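Student: I would like to learn how to read a model feature by feature. Where do we start?

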Amino acid sequence: MAFECPTSTEVSKKLVELELDPGIEIAEPNPHTNKTESEGIAKSGNSKPEYVRIDNSERASKFHSKKGVKTPFQSDAVADYCRSFADLPPALISEILNYLDPKELGIVSCVSTIFHRLAFEHHAWKEFYCERWGLPTVPAVLDSGVTDEKSWRELFVEREFRSKTFMGRYSIDVLYGHTEAVRTVFLLASAKLIFTSGYDSVVRMWDMEDGLSIASSKPLGSTIRAVAADRRLLIAGGTDGFIHCWRAVEGLPHLFELRSTQNQNIEFRLWGHGGPITSLALDLTRIYSGSWDMTVRLWDRYSLKCTQVLRHSDWVWGLVPHDTTVASSSGSDVYIWDTNNGTLMTIIHNAHVGNTYALARSHTGDFLFTGGDDGAIHMYEIMNDHVDTKAWKIATWIPHTGPVYSLAFEFPWLVSASSDGKLALIDVRKLLRTSKHALGKQPTRAKHLRQSTVEPPQRMLHGFKSNLFSVDLGADRIVCGGEEGVVRIWNFTQALEVERRARALRGMRLENRMRRRKLQADVSNKSGRNDQCSVAAKKNSGTGIWPNKRGVSGKLKA
């Protein structure tokens, strides 16, 4: 951060130096000279005004006595002139640091040991982490809010480092098991599980690490177009309008028992839609379902009853909830609803040319991503001023030549799957503001740039058959399914290991470079002392007490 200093700073510094040096004399106009005399002297032009030389200590004492300030010869006044930013109370410094972004906060921590301690332990690191990725689930968080091994700053730096791996090397795993096209995939990174389903009406569960099939359900009788899960519940929606549900089994390593069971507490169904279910989502208290019957239904997870019905004007293709709001796509429009009272907050009309198939949302809910029939991807900022809710378009990308069927977002990467058989990876970091507003209110969290300055997708993954229907990402992996009937996993953990080794090598080179510089400095210091000794020896040899041979021989001859 750059601060502009006024030009009067140098003058004020000189005045302070004059006040601190009582030995300097200053010439001032004679106060005893009356006004008429001074005016006459000024008019004559040849004569100069009369000056009286006074001691600066007397001037300083008069100056401070008028303003009620102690003289600069007292120690506490001198200390006032020497105070710096570090002398402020730690609570005030912490409040000032709260307005910095992660990069600036890291730079401040390198200034001094005091700033390092304040910046390293600052609570803003937790806010930075949670607004990007939410609370960490693995490892478990203690009651204090920090894991027993790493601080919030270390967690943030590690996660930020991991986010760079999607630009590195990867390996592809192909999972075989489905007999027809795969319509939906879901990655549960906290349990290292992948759930897939499609036209064969079978829900399959895979191990994320080795890609092996763990379990599969019986045929559910209809095409499964949506799957969602957390560590307590797994749901799948089909074209028959039913929501198939499995509760987690305590003590089971892979959480869910998908095989046919007679226990209704483990496996059950919800019915309420009058058409095929196209989208599902979960939060802590609700189940969200969207259907071609032009409604979004909200279900209570504990009573398993439908609590609200949100009606649209066209088929519902996708939905994504956040906190007390849910965004849904119907036809070419995007709706944002208040889930507390079921009221419509705002509508984005004609978001795409054709249907809007895909939705994704940031963890804070401030940003909404849409994909549609025209192959375009739009980024909107949702702004709510407690009176009105608006959606502002931030950026647009057109990386595909066919419809965008699925989107997935994990800060800072947005991944899209299209009918052209390609995946697009988009880094949105440069479009976001990370620092807080000076007044404590952030009117916008996005940089409203011209469309010409928006960068294209950073990476395209292609070379596969057409119609990629679903995509998800997490744990350094991208999972995708499509018309081929197979599930592909792009594994970027290899890039993570390569980057770690590269960083370790850079650290070793830096350490060796610093060691060589230190040795060179020691050698130069020693050579400097040797040179001083040699110069002294030469001086002593010129004026020394040892007689030369010629002088001795001359005395002998005499």
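Tutor: Start with a definition: a disulfide is a pair of cysteine sulfur atoms within 2.5 Å. By this rule the count here is zero disulfides. This is a predicted model, in which local features need pLDDT of at least 70, side-chain atom pairs count only at pLDDT 80 or more, and totals for chains, interfaces and linings use all residues. Residues are numbered from 1 along each chain as its sequence is written, and side-chain values use heavy atoms, with hydrogens and water left out.

Student: Is C110 buried or exposed?

Tutor: Buried means under 20% relative accessible area, exposed over 50%, and partly exposed in between (1.4 Å probe, protein chains only). C110 is exposed because its relative accessible area is 66%. C306 has 31% relative accessibility, so it counts as partly exposed.

Student: What share of the chain is buried?

Tutor: Buried residues account for 42% of the 558 residues.

Student: How many helices and strands are there in the chain?

Tutor: Helices (H or I, at least four residues) and strands (E, at least two) are DSSP runs, numbered from the N terminus. The chain has 11 helices and 30 strands.

Student: How do I read strand pairing?

Tutor: Strands of a sheet pair through backbone hydrogen bonds, either parallel or antiparallel. Here two strands pair if DSSP finds at least two bridges between them. Take strand β21, residues 367–372. Five bridges join β20 (residues 356–361) to β21, and the two run antiparallel. R361 stands opposite L368 in β21. Five bridges also join β21 to β22 (residues 377–384), again antiparallel. There, G371 faces I377 in β22.

Student: What lies in the turns of these hairpins?

Tutor: The β20–β21 hairpin has five residues between its strands, and G365 in the turn has a positive phi of about 80 degrees. The β21–β22 hairpin has four residues between its strands, and G375 in that turn also has a positive phi of about 80 degrees.

Student: Which way do the residues of β21 point?

Tutor: F367, F369 and G371 point one way, L368, T370 and G372 the other way, and all are buried. Six of six residues are buried, leaving β21 mostly covered.

Student: What is the strand order in the open sheet of four strands?

Tutor: The order is β24-β25-β26-β27, with antiparallel pairing. β24 and β27 (459–461) stand at the edges with a single partner strand each, so one side of each has no neighbour in the sheet. The twist averages 20 degrees from one strand to the next; axes are lines fitted to C-alpha atoms, for helices over the stretch in contact, and angles run from 0 to 180 degrees between N-to-C directions. Inside the sheet, five bridges join β25 (residues 413–418) to β26 (residues 423–427). S416 stands opposite A424 in β26.

Student: How should I read a helix such as α8?

Tutor: An α-helix has 3.6 residues a turn, so residues three or four places apart point the same way. Helix α8 (residues 124–133) has seven of its 10 residues buried, so it is largely enclosed by the rest of the structure. The buried residues are A124, W125, F128, Y129, C130, R132 and W133. They pack against α6 (102–108), α7, α9 (152–162) and β24 (404–410), where contact means heavy atoms within 4.5 Å. G134 follows α8 and has a positive phi, near 80 degrees.

Student: Which rings form a cluster?

Tutor: A pair of aromatic rings is described by the distance of the centres and the angle of the planes. Rings of Phe, Tyr and Trp (its six-membered ring) pair if their centres lie within 6.5 Å; planes under 30 degrees apart are stacked, over 60 edge-to-face and the rest tilted. The count comes to 20 aromatic pairs. Ring pairs link W125, F128, Y129, W133, W152, F156 and F411 into a cluster.

Student: What lies over the face of W125?

Tutor: R153 does, at 5.7 Å from the ring centre. The rule asks for NZ of Lys or CZ of Arg within 6 Å of the ring centre and within 35 degrees of the ring normal. R269 lies over the face of F242 in turn, at 4.0 Å from the ring centre.

Student: Where is the cis peptide bond?

Tutor: It joins F411 and P412, with omega about 0 degrees. P412 lies in the loop between β24 and β25.
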